[in-house]
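Welcome, and please open your viewer. We will go from stop to stop, selecting a few residues each time.

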Amino acid sequence: VRSELRSRQFDIPKGWMGPGRGKLLEEFFGKPVTKRLHAIQGARGGGSMPPESLTFLKQAQEDDELTLLCGQQVSSASWVGSFEDGHWIVNLDSDMRPLECDIILLATGRGVDVVVVKCLVVLNRG
């Protein structure tokens, strides 16, 4: 995880979805495109996940089913070994030693099709 885990039902403030959104949208569309990008990034404030997902992950970590590494970013990942007996070697942008992993989960907040996105085709191992 690149940043600390944050639990929110939505990535944007409630005002963007509530009754006052008309004024916010009018202001938003009145800005140049480059300013709109900054407004979107500022409103989102980084990624988050629903409370139930965060609870699930923390419980899985307590049960030693996974390890959460916050503040890390993957620099490369490669499959080592055969299809049946192999594993992933994951290098991080930090000084941590490479990790050996059985599974890589893409938590992008949007649907990612590893069959269609060319740079992710290698992830479709079964």
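Of the 126 residues of the protein, what percentage count as buried? The figure is 13%, where buried means under 20% relative accessible area, exposed over 50% and partly exposed in between, with a 1.4 Å probe and protein chains only.

Before you select anything, note that this is a predicted model, in which local features need pLDDT of at least 70 and side-chain atom pairs count only at pLDDT 80 or more, while totals for chains, interfaces and linings use all residues. Residues are numbered from 1 along each chain as its sequence is written, and side-chain values use heavy atoms, leaving out hydrogens and water.

**Overview**

Colour by pLDDT, the predictor's confidence in each residue from 0 to 100. The protein has a mean of 80, with 77% of its residues at 70 or more. Switch to cartoon and you will find 3 helices and 3 strands, in the order α-α-α-β-β-β along the sequence. Helices (H or I, at least four residues) and strands (E, at least two) are DSSP runs numbered from the N terminus. Among these elements, helix H2 (residues 33–44) has the lowest mean pLDDT, 83, and strand S2 (residues 87–92) has the highest, 93.

Select Lys 23 and Glu 27. They form a salt bridge whose closest N and O atoms are 3.3 Å apart; the term asks for a side-chain nitrogen of Lys or Arg within 4 Å of a carboxyl oxygen of Asp or Glu. A search of the whole structure finds 1 salt bridge. Lys 23 counts as exposed because its relative accessibility is 59%, whereas Glu 27, at 41%, is partly exposed.

**Stop two: the aromatic pairs**

The structure holds 2 aromatic pairs. Start with Phe 28 and Phe 29: their ring centres are 5.1 Å apart and their planes at 80 degrees, so the pair is edge-to-face. Rings of Phe, Tyr and Trp (its six-membered ring) pair if their centres lie within 6.5 Å, and planes under 30 degrees apart count as stacked, over 60 as edge-to-face and the rest as tilted. Phe 28 is buried at 13% relative accessibility, but Phe 29 is exposed at 52%.

Now jump to Trp 79 and Trp 88, another edge-to-face pair, 5.3 Å centre to centre with 75 degrees between the planes. Trp 79 is partly exposed at 22%, while Trp 88 is buried at 5%.

Show Asp 64, which follows H3 and has a positive phi, near 60 degrees. Next select Thr 67, in the loop between H3 and S1 and exposed at 62% relative accessibility. Draw a C-alpha to C-alpha distance from Thr 67 to Leu 57: they are 9.1 Å apart in space and 10 residues apart in sequence.

Finish at Gln 72, in the loop between helix H3 (51–62) and strand S1 (74–80). Is Gln 72 buried or exposed? At 18% relative accessibility, Gln 72 counts as buried. Its side chain joins that of Ser 94 in a polar contact of 2.7 Å. Such a contact is a pair of N or O atoms within 3.5 Å; within protein, one must be able to donate a hydrogen and the other to accept it, and residues adjacent in sequence count only if both atoms are side-chain atoms.
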